[in-house]
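Me: I am new to this structure and would be grateful for a guided reading of its architecture. May we proceed by question and answer?

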Amino acid sequence: MKHTEYGVHIALSKYPMGRESDYINYLGKLYERYRDKIKEFLRLQEGSSGKKIEEHLAPLYSPSIFHVYSHFDIALVSFVDNMKFSQRVFEPFIEKEKKENIKNVSYQILSGSLMGDKSIEEYKKILNKEGTFLKVIQLKINNGLLIGSGNDLLQSILKKINLVFNDFKHDDFLVIDSFNWAEIILIVSCKDSNLASQILLYLRSLCLIDLESADLISKFCLYKQWEYDKKDIFNSHIFNDSQSYLCVNYEDYSKGVNFNNLDFKTQIEWQVKPGHLPYFLKESKEVLNVKTKQPETEKPQFIYDNIYFKNGKTDFLIDELEPDRLTSNIRVFERLRNNVELRKHIRKVKTKPLFSIQNKILLERYGEIEVEDFYGPSNVEDNLMSYKVDPYKDIVLHLRKLNISRNTRKKVRKVFYNYNMGIQDPILYIYFIDLHKLLKSFVQIIKTLADTITTPIIEGDTSSDMEFENFGVLKTKYVEDIIEDYLKVFEESLEDRILNNYNFEDINEFSIDVNSNNTCLISSLDSVLKLVSSCFRLDVEDDVSTNAIVTRTNETETQSNKLSVNYNIDHINNPILIYCTLMKEILNLEQTILLRSNSELWDSLKTELSKDIELKEIGKILSDSAIAYFEIDYKKYYLTFFEDTELYIFWHWTYLLQYTQMYSTIGCFDEANFREELFRLLLLLEGVDARYEITELECPIPELQTFWDRHIFRLYELVKKIGKIDSFASIQIRLKKGIQKSIFDLQNDEEKKSYSKSIAYKNFSKKIIKFAIEDTNQFINLKNQLFKDLHVAQKESTTKVEKLLFFKALSVNSFYSLEYIAKRFNYKINLLRRNFITGEPEERFLKCKESWFIDPLGGFFINSVQDRKDYMEFNNVILHCLWSLGIVLKKYNFINPTKNE
């Protein structure tokens with residue numbers, strides 16, 4: 001099943017009591033304003049077709065609205081062509097002059113890419129059929145099967161889902177590739193709500209043996225690594241959790257369409273304000289009743305008979321007199337909307353639809369079931385126990401030795417408690433495992449700090465690099481600062497991995513960083529970063545610090561530190577910006593090691609610079625961080641850009657121009673930043689391509705021409721002088737050898753040749769390369785080729801070779817992705833100009849033939865119907881590639897667990 005050029009945005013929300021119609025109207029304006037703004041910009045492009053724009057936007061940002069029978073009351077399902085929309089604050093737009101407030105309304109956002117072969121218009125019709133129910137189903141794939149298998153398993157499942165719907169003779173459904181805690185979202189539209197429930201029951205019963213790729217999956221999945229029998233693996237259920245919402249078309253619901261023939265029950269639960277029960281009972285008896293339809297009597301017939309007090313988020317449950325008729329449920333909500341007095345006593349109303357299990361369906365699936373016939377991996381929790389960290393709380397003893405405060409010790413214990421509970425969760429351990437090495441590293445560093453106490457106190461030895469006070473006593477604040485760094489990384493990383501998962505019900509979108517959480521993608525990207533990091537430390541055995549980094553989303557701009565790589569959420573949704581910086585962020589973590597490994601050469605270079613009066617200025621620029629950045633840029637040039645100088649230059653300026661920290665608050669690029677980045681580029685070119693002449697370089701945008709003219713010739717001359725220093729040449733030789741040794745030191749001599757050609761042509765035939773660049777479906781082909789490379793890696797016998805093949809598959813995929821975007825820009829830096837006062841894009845810049853712009857506020861601005869569709873498909877496919885690669889690589893996180901005796 002292929003990805004389309006569209007995304008799906010699902011907003012689940014509560015009704016504001018008595019303001020349902022107003023709320024829906026206000027939300028409609030939120031979508032409408034966004035759609036109108038896109039339309040306005042698209043029309044500005046020279047040669048744009050108004051008809052094409054209308055056809056493109058007709059099915060987009062125009063939500064289908066449904067009443068939901070659950071803890072949420074309303075669902076808005078919309079198709080989108082930009083996933084940034086999912087990150088917008090879902091707040092109803094209200095005109096200022098009306099001054100009407102919508103109070104206390106919680107919401108959740110689900111999103112993902114649309115998959116399938118139908119047109120967008122056909123999918124829209126499925127959502128908008130009259131008199132139909134909609135079932136939104138989140139499906140969590142069994143982690144033991146998914147880890148190590150990735151796309152192979154997903155595609156096999158999607159094929160089976162299609163067959164299941166064919167068996168049920170039902171074709172009105174959508175499949176969404178989700179990056180939330182569950183990997184698949186199904187939207188099923190049907191006249192009979194029981195049908196969707198029967199399909200869900202059947203899907204929940206499927207086992208691996210029901211898939212055509214069962215044999216392949218069983219060889220590479222985590223269960224195989226845990227040494228389960230093939231029979232047990234084959235009988236593992238495909239899904240280990242599901243969560244569903246039943247909805248009905250809102251117009252049908254609000255018009256009171258007759259649902260008398262529907263045979264499922266409903267239960268209504270109420271949250272009544274404390275002390276308001278007597279008033280609630282009185283008002284409800286007066287309000288929640290209807291007159292009987294029998295003409296011979298006019299006695300009122302109450303909708304409910306008994307009220308029960310219950311535990312939980314809702315306090316009371318009413319016994320409906322006609323629970324099998326959905327009409328009674330509708331009457332309750334009708335009367336609530338129309339009665340102000342009753343609404344004064346309640347906070348929430350929740351509906352539970354109940355469906356009878358179809359025994360026939362189960363018998364067809366299972367036959368006569370005997371208890372002893374059931375088999376499959378039954379001791380998963382036992383395996384997960386071995387991945388607990390510090391179960392005996394040894395770290396607390398170390399902290400006491402360091403004289404750490406009680407409050408800090410408490411927080412540290414809570415960190416390990418939260419992790420050790422989460423790693424045993426059979427649904428969420430795929431995300432908690434990301435934190436395993438981080439916490440092992442935490443234990444080790446605290447133990448090391450504690451062990452330093454004995455020597456300073458007894459021997460007075462202060463030769464350590466640790467921060468000591470007088471007389472060699474370790475500073476408590478120094479230790480507590482280290483602990484706080486770990487606590488912060490753990491807390492924020494954990495939030496990314498548990499936000500809005502199956503444990504949460506009607507919780508609001510409380511994170512200020514993300515709306516629709518990308519749990520799957522963040523966790524997969526974490527595994528990719530760990531792979532790249534480990535490839536620079538292949539010779540280090542069982543080093544706890546290796547792979548201790550964690551991926552999280554908490555920064556304005558993508559950046560890294562010694563414990564984590566912090567991604568801007570818009571970069572997570574923009575995979576090309578991940579590819580552009582992935583190598584850099586990993587190498588940033590290695591700066592100290594890089595400086596130490598070549599310290600004598602850098603010191604020699606700086607000494608030579610100090611002897612030349614003209615070069616003294618550059619000597620000041622070459623701080624330790626600048627030195628490390630040269631090495632990072634050097635490796636990025638080879639490992640990401642395959643020695644393509646033109647491509648490197650394009651992405652050097654493209655990334656910086658959408659990096660807001662390079663600008664002043666009035667939107668002007670800072671001159672000091674420009675000078676530093678220009679020097680950084682020139683120094684790299686001197687190191688890797690000294691033949692590159694100044695005449696071949698152009699100022700990236702006209703606004704920087706003054707800065708360019710002021711610095712380019714002077715910096716170019718100075719860099720050329722640096723290039724003639726012997727120690728600079730020695731640095732290049734060592735760096736290039738280091739790249740070949742650390743990444744490509746394989747048995748095959750061919751692998752030791754230049755990375756750019758050998759890897760590109762080894763993994764892609766010339767035919768594939770040409771096809772991938774020129775064909776309109778290039779990214780589907782790139783995706784398929786990447787997955788093919790993954791299979792090659794999986795068949796290798798040694799971990800070292802396997803990791804390197806994964807690394808190369810990722811590099812090749814990222815290279816062609818970066819090249820594709822550069823080609824769409826025609827290698828021209830095209831910056832979107834914004835009005836200094838309003839911040840809105842300048843219309844005069846949008847009235848040109850160009851349709852791709854670099855947005856100084858971050859990311860790209862695309863101003864053409866077809867290009868927006870192309871870029872959305874690009875995002876969908878490449879994000880899926882990153883997800884699948886990360887899922888396959890997660891098996892390395894489950895190697896050599898902590899042994900708890």
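Me: How are helix 16 and helix 17 oriented to each other?
Reply: In this predicted model, helix 16 and helix 17 pack at an angle of about 160 degrees, and their axes are 10 Å apart. Angles over 145 degrees count as roughly antiparallel. The two helices, helix 16 and helix 17, are therefore roughly antiparallel.

Me: What is the handedness of the crossing of helix 16 and helix 17, and which residues of helix 17 make the contact?
Reply: The crossing of helix 16 and helix 17 is right-handed. Helix 16 contributes Ile395, Val396, Leu399 and Arg400 to the contact. On the side of helix 17, the contact is made by Arg409, Val412, Arg413 and Phe416.

Me: Where around helix 16 do its buried residues lie?
Reply: The buried residues of helix 16 (residues 394–401) are Ile395, Val396, His398 and Leu399. Because they cover an arc of only 160 degrees around the axis, they lie on the same side of helix 16.

Me: Which helices are included in what covers the buried residues of helix 16?
Reply: Helix 16 has Ile395, Val396, His398 and Leu399 as its buried residues. The elements that cover them include helix 17 (406–422), helix 19 (436–451) and helix 21 (476–498).

Me: Which strands lie at the edges of the open sheet?
Reply: This sheet has 3 strands in the order 15-17-16, with mixed pairing. Strand 15 and strand 17 (residues 564–566) run parallel and are joined by 3 bridges, with Thr551 opposite Val565 in strand 17. Two strands each pair on one side only, and these edge strands are strand 15 (550–552) and strand 16 (559–560).

Me: At what angle to strand 15 does helix 22 run?
Reply: Helix 21 lies across strand 15 and strand 17, at about 65 degrees to strand 15. Helix 22 (residues 519–535) also lies across strand 15 and strand 17, and its angle to strand 15 is about 140 degrees.

Terms used: Residues numbered from 1 in each chain as written. Predicted model: local features only at pLDDT ≥ 70, side-chain atom pairs only at ≥ 80, totals over all residues. Heavy atoms only, no water. Buried < 20%, exposed > 50% of the residue type's maximum accessible area, 1.4 Å probe, protein only. Helix = DSSP H or I, 4+ residues; strand = E, 2+ residues; numbered from the N terminus. Arc of directions from axis to C-beta. Contact = heavy atoms within 4.5 Å. Axes fitted to C-alpha atoms, helices over the stretch in contact; angles between N-to-C directions. Parallel < 35°, antiparallel > 145°, perpendicular 65-115°, else oblique. Left-handed = near helix turned anticlockwise from the far one by under 90°. Pairing = 2+ DSSP bridges.
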